[in-house]
Amino acid sequence: MPGDVPLETFREEGRKLVDWVARYLAEGERLPVLSRSRPGDLRAALPPHPPERGEPLGAILADVDRHIVPGLTHWNHPAFFAYFANSSSAPAILAETLAAAFNVNGMVWRTSPAATELEVVVLDWLRQLLGLPERLFGVIQDTASASSLVALAAAREAVPGLDARRRGLVGQARLRMYASEQAHSSIEKAGIVLGVGQEGLQKIPVDREFRMDAAALARAVAADRRSGWTPFAVTATVGTTSTTSIDPVAEIADVCERERLWLHVDAAYGGAAAVLPERRRVLEGCERADSLTVNPHKWLFVPIDLSALYTRRPEVVRAAFSVVPDYLRTPEDALAPNLMDYGVSLGRRFRALKLWMVLRAFGREGIAERLRDHIRLAALFRDLVETDPHFEVVAPTPLSVVCFRGRFPGREAKDADRLNTEVLEAVNATGEAYLSSTRLELEPGGGPRVVLRLAVGNIRTEERHVRRAWELLRSEARTRR
Ligand code: PLP
């Protein structure tokens, strides 16, 4: 019988692999954060055809070291400060191994009762940690993009008389949804997928602190109604991607209630801060949302992918998504949730396991301590930037991301932008730190300007990593003045 690789080999290689991972976590910071690989390098290093005969596991793992690792940008590096820095913590790495060993597919309750029930329990734990209302129903999606897609599909389902699920949208009312100019592109993408189209997303202006202008939202909805659109949903963001600005959710909820619009909150990154009692106000007003997403894979030490979607209207999500062929009917259908009914995919990985293991291994206190430290490190970096006349902070720092830029007085805007990009690329090329950038309108009518971002979020980041990034930035900026 052909069967699997001999388990004795698995045991032997598995032990070595755990040691390898521990070494990677302990010493990985010696590796360049941003991969130095050039396009095509890995493809050229690997054979163009699959092997005819099986190869020993040991040889394959040796190739991970030789070929794969150089092609990695090390997201788990303590000096990874790009995008939203995040972490795969030790408990979650073990959980992922277990999930692969179990290989359960939690599409319906009976295909693994523990997968469904742990998901229900662990999302309720997370809900409590975030201070969200009791009546919320939670379900895990792979990413925030999927969570927002599912939420907005439910919003579409809730439009009276539309019945888009059955009739589609052709020849129907033109739907309009709203999000700020700073909302994540996944909202626009959801509109594309849902047949709302890019024109069906109205981007609402932001104030000087990059938060949605709720009065402008109210005006836009009224104007749309006058010109024949059917407004149906608003997405507010708690922790926007560029600056982590926090939309005024309570004011937006007022508009939604008055206008009978579905309120979705994208708290993919920022929501995690609500674990801290002193930061709980980041989710102020969210108790009035119809749906809300938080990504434990962003700032809760769980590796990609795991996004939590909460809703107070699970029956609408179910009405939007549930299609049950005969082969998936079970005797327990009326007794337990079948989580396939609350999203696009039928197959469902056992993602709850890693969140459960992380919450247990660190506890509320341990998580709070780590988040607090990240906020402290961001504040420290902000102070360093603020006290240097050659740099400026260009946005508020409500959480753990600092937006700043080098000042190059006397240079045209275009040149100053180019120099900032050069500084960023030069720092990233050192391999000692990795930051990313965005573009923001800093002066009304001034056009978008290049802005550098330092995002703290990795569980192994220490003060020395932040200080070193600052040294590198200063020295690269100095040589360009
Ligand atoms: N929402 C916000 C505010 C984000 O910053 C991001 C990604 O950074 C997303 C959604 C999309 O996240 P995901 O990769 O989980 O789809």
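**Reading the ligand site and some backbone features**

Student: How far is an oxygen atom of the ligand from a polar backbone atom of A144?

Tutor: The separation is 2.8 Å. A polar contact is a pair of N or O atoms within 3.5 Å; within protein, one must be able to donate a hydrogen and the other to accept it, and residues adjacent in sequence count only if both atoms are side-chain atoms. Side chains take part too: a polar atom of H297 is 3.2 Å from a ligand oxygen, and one of K298 is 3.0 Å from a ligand oxygen. On its own the ligand has 400 Å² of accessible area, of which the protein covers 86% (Shrake-Rupley method, 1.4 Å probe).

Student: What kind of model am I reading, and how are its residues numbered?

Tutor: This is a predicted model, with local features needing pLDDT of at least 70 and side-chain atom pairs counting only at pLDDT 80 or more, while totals for chains, interfaces and linings use all residues. Numbering runs from 1 along each chain as its sequence is written, and side-chain values use heavy atoms, leaving out hydrogens and water.

Student: Is H374 buried or exposed?

Tutor: Buried means under 20% relative accessible area, exposed over 50%, and partly exposed in between (1.4 Å probe, protein chains only). H374 is buried because its relative accessibility is 2%. It belongs to helix 13 (residues 352-386), and the H374 side chain comes within 3.0 Å of the backbone oxygen of N458.

Student: Where do N103 and R260 lie?

Tutor: Both are loop residues: N103 is between helix 4 (90-102) and helix 5 (113-130), and R260 is between helix 10 (249-259) and strand 5 (262-266). Neither is a glycine, yet phi is positive, near 50° for N103 and about 55° for R260. N103 counts as exposed because its relative accessibility is 62%, and R260 is exposed at 77%.

Student: What is the peptide bond from I304 to D305, cis or trans?

Tutor: That bond is cis, with omega near 15°. D305 itself sits in the loop between helix 11 and strand 7 (307-311).

How values were computed:
Helices (H or I, at least four residues) and strands (E, at least two) are DSSP runs, numbered from the N terminus.
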